[in-house]
Amino acid sequence: QQEVRKVSESIKYNHPLRKCVDTILKKCPTEYQERMGRNMDDYEDFDERQNSYPSEKSLVKLHKQVIYSVQRHRRTQVQWQILLEQAFYLEDVAKNETSATRQFVHTFHSQEAENKIIRYFYTPTVEWYWECLLRPWFYRVLAVVLATFSVIVVWSECTFFSTKPVLSLFAVFIQLAEKTYNYIYIEMACFLTIFFLSICVYSTVFRIRVFNYYYLASHHQTDAYSLLFSGMLFCRLTPPLCLNFLGLTHMDATISHQHTQPTAYTSIMGSMRVLSFIADGFYIYYPMLVVILCIATYFSLGTRCLNLLGFQQFMGDSEMTSDLIDEGKELIRREKRKRQRQEEGENRRREWKERYGNRDDSTRNRVVHTDQKESSFSETNTNRPLSKYTRSNGRTERDRIELLQDAEPLDFNADSINDDPLESDSGRYQPGGRYLSMSRSKIFDDV
């Protein structure tokens, strides 16, 4: 922001590079553009002899930095809002677990438009049973199923090279289906196997962070470089994944050592027999390293090693972790109070409109009707003689009425009659049209 402000203040409206500065400002947030617009003095001309202006190359670099900074700022805001929604949701679930009414009550209403059909079937009672009773058990059952698949994958990765006897469980399932010519079973077994392997591989790509620069962000907040990097990883991981699946099911001739009809993948991509040291060594024993990876993941060895090297990591038995937890709780409480104040203000405004909305219209009509009465009353009063006014609010109003009214000629020689006690000291004007000071001094006798 400081660099953009400095460039915007130095390059005035009639400078040749002002168009480039305007292009940079358009990429900034709206509130920042308004603040910059108020601080600009476009009436000042630029002087090439006194000021040093940035070059076009530096403006291009600044434009690139602004685009990246704005995109990162928006992405951080969206991620913060997602985390807040998750925290509020978990708090609501914890509060509703002890509810006696068995109806799910939200602390804050959803900002998104709710579908009427979904809300008709997904009532607060149904939501309470799903969120507080069924969903935890569903996650437990799903965890057991996925853990079983993981054990099968690890076992098959370590034993898929054994053809006699066949130890790979995926190969056993496929061969049993081949004997009975059950093609539907074969298709389902292959689909579930490749589907689970794809989830394991691609979920890692979705969570990977390369120096916190290349990573996928939710809600369409991923930058172009991270998309290209992730797409490159997907393209590189898909062929080995397919080849690994053929090895687990013994459909690859390199593993089964049988002269069978090659698969479509092998006929296009080729076979590993071309390089014997890879086909007989690396291709066989390298998948066994998945056991070491599983052990390191279970005991969080990578996180502990980074923590020992000085890189702060989130760990359960660390003082930094407890400080971060306390700080996070305070941030959630602050945001919760802020959102509660916003909702209370909106509710008060809504109640005010519902309660006094019709009254405002009637009051407005009453005010208009009163103004019309006052205007008609003033018109009728102006037609009356000026002598009817015994007291007015000010001299300016009396002078205006006197000039606009067809009053009788002023008698400056008449005797002074003081009808208004409040004007006795001024000695200037009387309601009957007499000037006391002038009548005493006989100034207008010759006139």
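**Figure 1. The two faces of helix H2 in a predicted model**. Welcome to the first close-up, taken from a model that is predicted. On the face of H2 turned away from its buried side, you can find the exposed residues Lys-19 and Lys-26. Helix H2 covers residues 18–26, and its buried residues include Arg-18, Val-21, Ile-24 and Leu-25. Looking down the axis of H2, the buried residues fall within an arc of 115 degrees, so they line one face of the helix.

**Figure 2. A salt bridge between Asp-223 and Arg-75**. Here the side chains of Asp-223 and Arg-75 meet, with an N to O distance of 3.4 Å. The pair links distant parts of the chain, as the two residues are 148 residues apart. Asp-223 sits in the loop between helix H8 (183–207) and helix H9 (224–248), while Arg-75 belongs to helix H4 (residues 56–96). Are these two residues buried or exposed? Both Asp-223 and Arg-75 are buried. As a general idea to keep in mind, side chains of opposite charge can pair when their charged atoms come close. Across the structure, the count comes to seven salt bridges.

Figure 3. Why does Glu-131 count as buried? Its relative accessibility is 8%, and buried means under 20%. Arg-135 is partly exposed, with a relative accessible area of 23%.

**Figure 4. A network of salt bridges with Glu-330, Arg-333 and Arg-337**. The side chains of Glu-330 and Arg-333 form a salt bridge, at 2.9 Å from N to O. These two residues are three residues apart in helix H15 (residues 319–382), which means that about one helical turn separates them. Glu-330 is partly exposed, with a relative accessible area of 37%. Arg-333 is also partly exposed, at 42%. Arg-337 joins Glu-330 and Arg-333 in the network.

**Figure 5. A nonpolar surface patch that includes Ile-184**. Which residues make this patch of about 610 Å²? They are Ile-184, Met-188, Phe-191, Leu-192, Phe-195 and Ile-199. Ile-184 is found in helix H8. With a relative accessible area of 63%, Ile-184 is exposed.

**Figure 6. Residues listed under "transmembrane region" in UniProt**. The unreviewed UniProt entry lists residues 137–155, 184–205 and 282–301 under this name. What does the chain look like over residues 137–155? This stretch is 100% helix and 0% strand, and its end C-alpha atoms are 27 Å apart. Residues 184–205 are likewise 100% helix and 0% strand, with end C-alpha atoms 31 Å apart.

**Figure 7. A look at Cys-20 and Cys-242**. Cys-20 is partly exposed, with a relative accessible area of 29%. Cys-242 is partly exposed too, at 27%. How many disulfides does a search of the whole structure find? The search finds zero.

Methods
Residues are numbered from 1 along each chain as its sequence is written. This is a predicted model: local features need pLDDT of at least 70, side-chain atom pairs count only at pLDDT 80 or more; totals for chains, interfaces and linings use all residues. Side-chain values use heavy atoms; hydrogens and water are left out. A disulfide is a pair of cysteine sulfur atoms within 2.5 Å. Buried means under 20% relative accessible area, exposed over 50%, partly exposed in between (1.4 Å probe, protein chains only). UniProt positions are given in the numbering used here, feature names are shortened, and annotations may be inferred rather than shown by experiment. Helices (H or I, at least four residues) and strands (E, at least two) are DSSP runs, numbered from the N terminus. A salt bridge is a side-chain nitrogen of Lys or Arg within 4 Å of a carboxyl oxygen of Asp or Glu. Patches are made of residues with over 30% relative accessible area and no salt bridge: like charges are joined within 9 Å, nonpolar side chains (Val, Leu, Ile, Met, Phe, Trp, Tyr) within 5 Å. Accessible areas come from the Shrake-Rupley method with a 1.4 Å probe; for residues, only the protein chains shown count as cover. The arc is that of the directions from the helix axis to the C-beta atoms.
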